[in-house]
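Reader: I am new to this structure. Can you take me through its features one by one?
Author: Gladly. Have a look at it first.

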Amino acid sequence: MKYLIHVLFSCCLIVLISGCESKSSSQGIHIKEKNGKFTLFMDGTPTYIKGIGGASRLELAAENGANAFRTWGGDIESIRRSIERAKACHMYIMQGIGVMKDSASYFDENYKNRVRGQVKELAEAFKEDTSIFAWGIGNEIDLGNANIGAAWKFVEEIAQLIKSIDTRHLVATVIAHNPRALDSIAHYAPTLDFVGINTYVSIVKLEEMVSNSSYKGPFMVTEWGPTGFWEVKSTDWGAPLEQTSEEKRIVYEERYLKYIQGNDRCLGSFVFLWGQKEERTPT
């Protein structure tokens with residue numbers, strides 16, 4: 001009888017432990033790799049990010065199939081507002097954490113202490129939130145003069161700080177289409193779960209750049225769209241020649257199907273709409 005009780009107890013214990021392991025493995029945000037293909041899991045559900053840059057007209061974006069949006073920074077109150085909007089539209093958030101593009105900042109302990117304090121506060125406040133799926137540390141710091149070891153070491157430190165508090169969410173950084181930055185991340189910031197890459201006309205060389213780099217993990221295209229004003233031809237007096245609406249429609253479709261959706265290492269993207277944003281021409 002004792003032996004039977006012992007066997008029954010052992011079986012129940014195994015089932016209980018197995019159930020706990022199954023529940024634990026399905027909770028939170030994870031990336032899994034199989035045969036060179038990376039897949040993002042949201043609480044156990046495979047999810048491909050079909051996102052937009054910014055939080056403008058989220059309802060319309062959601063109606064057309066978007067499931068996420070990206071921000072470039074924010075304090076606790078603004079993030080709470082973003083979460084409310086995300087929940088209303090059944091969308092996820094890649095929440096940005098702003099850091100400087102100036103290399104001098106990464107040798108300034110006062111600045112770094114401020115960032116450490118802000119990040120700790122954000123991670124503590126939102127570590128259980130189910131709308132945020134990733135923290136994005138910085139945006140294109142490599143476009144300033146901060147593509148240096150000290151900057152990427154600090155990104156790594158911040159990534160480790162977040163993960164010491166927040167075990168649910170992913171941590172990433174966002175770079176421009178820059179092979180040197182990708183190599184630097186591979187060397188200095190191995191804690192990052194993925195890398196975001198902003199790319200416009202150079203998206204045609206994205207797969208080649210990623211494949212030839214030292215970085216071997218997954219990525220997202222965190223900003224993309226029509227050809228940028230800095231990439232198009234100009235008039236004799238230096239005014240950029242903007243693409244027509246039809247030309248933009250064509251490149252949106254082509255770039256998504258050819259260079260984003262078909263890449264096994266790509267977890268999804270955040271499409272960017274310039275809108276009425278006067279940088280070179282009013283349109």
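**Reading the helices and loops**

Author: Start with helix 3, residues 76–89, in this predicted model. Helix 3 has 14 residues. From first C-alpha to last it reaches 20 Å, close to the 20 Å expected at 1.5 Å a residue.

Reader: Which residues of helix 3 are buried?

Author: They are Ile-76, Ile-79, Ser-82, Ile-83, Ala-86 and Cys-89. These cover an arc of only 145 degrees around the axis, so they sit on the same side of helix 3. The face turned away from that buried side carries the exposed residues Arg-81, Glu-84 and Ala-88.

Reader: What covers the buried residues of helix 3?

Author: The cover includes helix 2 (58–63), strand 5 (68–70), strand 6, helix 4 and strand 7.

Reader: What span should helix 5 have?

Author: Helix 5 runs over residues 149–165. At 1.5 Å a residue, its 17 residues should span 24 Å. The end C-alpha atoms are 25 Å apart, which agrees. Its buried residues include Ala-151, Trp-152, Phe-154 and Val-155. Among the elements covering the buried residues of helix 5 are strand 8 (170–176) and helix 6 (179–188).

Reader: How do I describe two packed helices?

Author: Use the angle between their axes and the distance between the axes. Take helix 5 and helix 6: their axes come within 9 Å and cross at roughly 55 degrees. That angle makes helix 5 oblique to helix 6. The crossing is right-handed. Helix 5 makes the contact with Gly-149, Trp-152, Lys-153 and Glu-156. Helix 6 brings Ala-181, Ser-184, Ile-185 and Tyr-188.

Reader: Where do Arg-57 and Glu-140 lie?

Author: Arg-57 lies in the loop between strand 4 (49–53) and helix 2. Glu-140 is in the loop between strand 7 and helix 5.

Reader: Is Arg-57 buried or exposed? And Glu-140, buried or exposed?

Author: Exposed means over 50% relative accessible area, and buried means under 20%. Arg-57 has 59% relative accessibility, so Arg-57 counts as exposed. Glu-140 has a relative accessible area of 13%, so Glu-140 is buried.

Terms used: Residues are numbered from 1 along each chain as its sequence is written. This is a predicted model: local features need pLDDT of at least 70, side-chain atom pairs count only at pLDDT 80 or more; totals for chains, interfaces and linings use all residues. Side-chain values use heavy atoms; hydrogens and water are left out. Helices (H or I, at least four residues) and strands (E, at least two) are DSSP runs, numbered from the N terminus. The expected span of a helix is 1.5 Å times one less than its number of residues. Buried means under 20% relative accessible area, exposed over 50%, partly exposed in between (1.4 Å probe, protein chains only). Contact means heavy atoms within 4.5 Å. The arc is that of the directions from the helix axis to the C-beta atoms. Axes are lines fitted to C-alpha atoms, for helices over the stretch in contact, and angles run from 0 to 180 degrees between N-to-C directions. Angles under 35 degrees count as roughly parallel, over 145 as roughly antiparallel, 65 to 115 as roughly perpendicular and the rest as oblique. A crossing is left-handed if the near helix is turned anticlockwise from the far one by less than a right angle, and right-handed if clockwise.
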